[in-house]
Amino acid sequence: MSATKKFKELVRTSKPLIIVGTINAYSALQATKLGHKALYLSGSGVASASYGLADLGIIGLEEVCIDVRRICSRVDTPLLVDADTGFGGAFNIARTVKELIRSGAAATHIEDQVAQKRCGHRPNKELVSTDEMCDRIKAALDAKIDPNFTIMARTDAHAIEGQQRAIERAVAYAEAGAEMIFAEAISSLEEYAAFTKALSVPVLANITEFGKTPYFSAKELGEVGIDMVLYPLSANRAMNKAACEVYKSILKNGHQKEVLNLMQTREELYEMLDYYAYEQKLDALFKEK
């Protein structure tokens, strides 16, 4: 089964589907080998981890596709990709969808912020009109070269226009053809329940850390009808924190002995990479005759 078909099937059957963020091919491999069934590539993650930049719409389509190709070349696990506002107008959005499909992504979400976007859990976000967002959705749907590729619409309206208006926008987006809805920065289970009641398409809850949304469990979210629970940068935040502790300890102590407990061992790395299988292949190919 293709990754695009698999993603739709997982959303249909998982109730809810847990989707974890991966910032590169190795973290995608880790998540897959540990049992996760769906992965996510965050625009914020690409900006910060691959380019050392803030999540302010600075990176473009090709920067995202580089990481998509790397991840999808290593694992078959379906990958949902953050496409921000689509990287431009109608033709840019069409190119975005086509290139994400060619790169191996299973699904993407496009949001209703203005092109000069901000992180979904930061203040002073601005939105385009409902009509303009519906046009974005139509352009994305028209561009699909794989009919099973999923176009998800994200709305940031809750924090700006309130709950009712956010639901109205989400309904309009679904009517325009959005196959799934990403409800950003929601603050209560009751509000999530209102979204799922109003919509006939699957709804995603973003449970990012240190943001506007409390740490609801997947069970709690499933009970109010949420179909997907996203943890976009959880592992990345842990990696970043551990790296800082290691750097500080080496600078302070002149050695790394005090932080070895934070590190993956060489053997654990080799096991994750199937390193010995590669060595055995080399031995088999080039053994002495």
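**Reading ring pairs and salt bridges**

Colleague: Is Tyr 192 buried or exposed, given its relative accessibility?

Modeller: Tyr 192 counts as buried because its relative accessibility is 0%, and the cut-off for that class is under 20%. Please bear in mind throughout that this is a predicted model.

Colleague: How many aromatic pairs does a search of the whole structure find?

Modeller: The search finds four aromatic pairs.

Colleague: Where do Tyr 192 and Phe 216 lie in the chain?

Modeller: Tyr 192 belongs to helix H9 (residues 189–198), whereas Phe 216 sits in the loop between strand S7 (203–206) and helix H10 (218–223). The two residues are 24 residues apart, and their pairing links distant parts of the chain. Phe 216 is also buried, because its relative accessible area is 14%.

Colleague: Which arrangement do Tyr 270 and Tyr 275 adopt as an aromatic pair?

Modeller: Tyr 270 and Tyr 275 are stacked, with 4.1 Å from centre to centre and 10° between the planes. Their accessibility can be read in the manner already described. Tyr 270, at 18%, counts as buried, while Tyr 275, at 31%, is partly exposed. Ring pairs also bring in Tyr 276, giving a cluster of Tyr 270, Tyr 275 and Tyr 276.

Colleague: How many salt bridges does a search of the whole structure find?

Modeller: The search finds 20 salt bridges. Glu 132 and Arg 136 qualify, as their closest N and O atoms are 3.9 Å apart.

Colleague: What separates Glu 132 and Arg 136 in helix H6?

Modeller: About one helical turn separates them, because they are four residues apart in helix H6 (residues 130–142). Glu 132 is partly exposed at 39% relative accessibility, whereas Arg 136 is buried at 8%.

Colleague: Which residue meets Arg 237 in a salt bridge?

Modeller: Arg 237 meets Glu 209, with 2.8 Å from N to O. Arg 237 lies in helix H11 (residues 234–253) and Glu 209 in the loop between S7 and H10, so this bridge ties together parts that are 28 residues apart in sequence. Arg 237 is partly exposed, with a relative accessible area of 30%, and Glu 209 is buried at 17%.

Colleague: Which residue forms a salt bridge with Glu 223?

Modeller: The partner is Lys 219, and the closest N and O atoms are 2.6 Å apart. These residues are four residues apart in helix H10, so about one helical turn lies between them. Glu 223 is exposed at 56%, and Lys 219 is exposed at 61%.

Note on methods: Residues numbered from 1 in each chain as written. Predicted model: local features only at pLDDT ≥ 70, side-chain atom pairs only at ≥ 80, totals over all residues. Heavy atoms only, no water. Phe/Tyr/Trp six-rings, centres within 6.5 Å; stacked < 30°, edge-to-face > 60°. Buried < 20%, exposed > 50% of the residue type's maximum accessible area, 1.4 Å probe, protein only. Salt bridge = Lys/Arg side-chain N within 4 Å of Asp/Glu carboxyl O.
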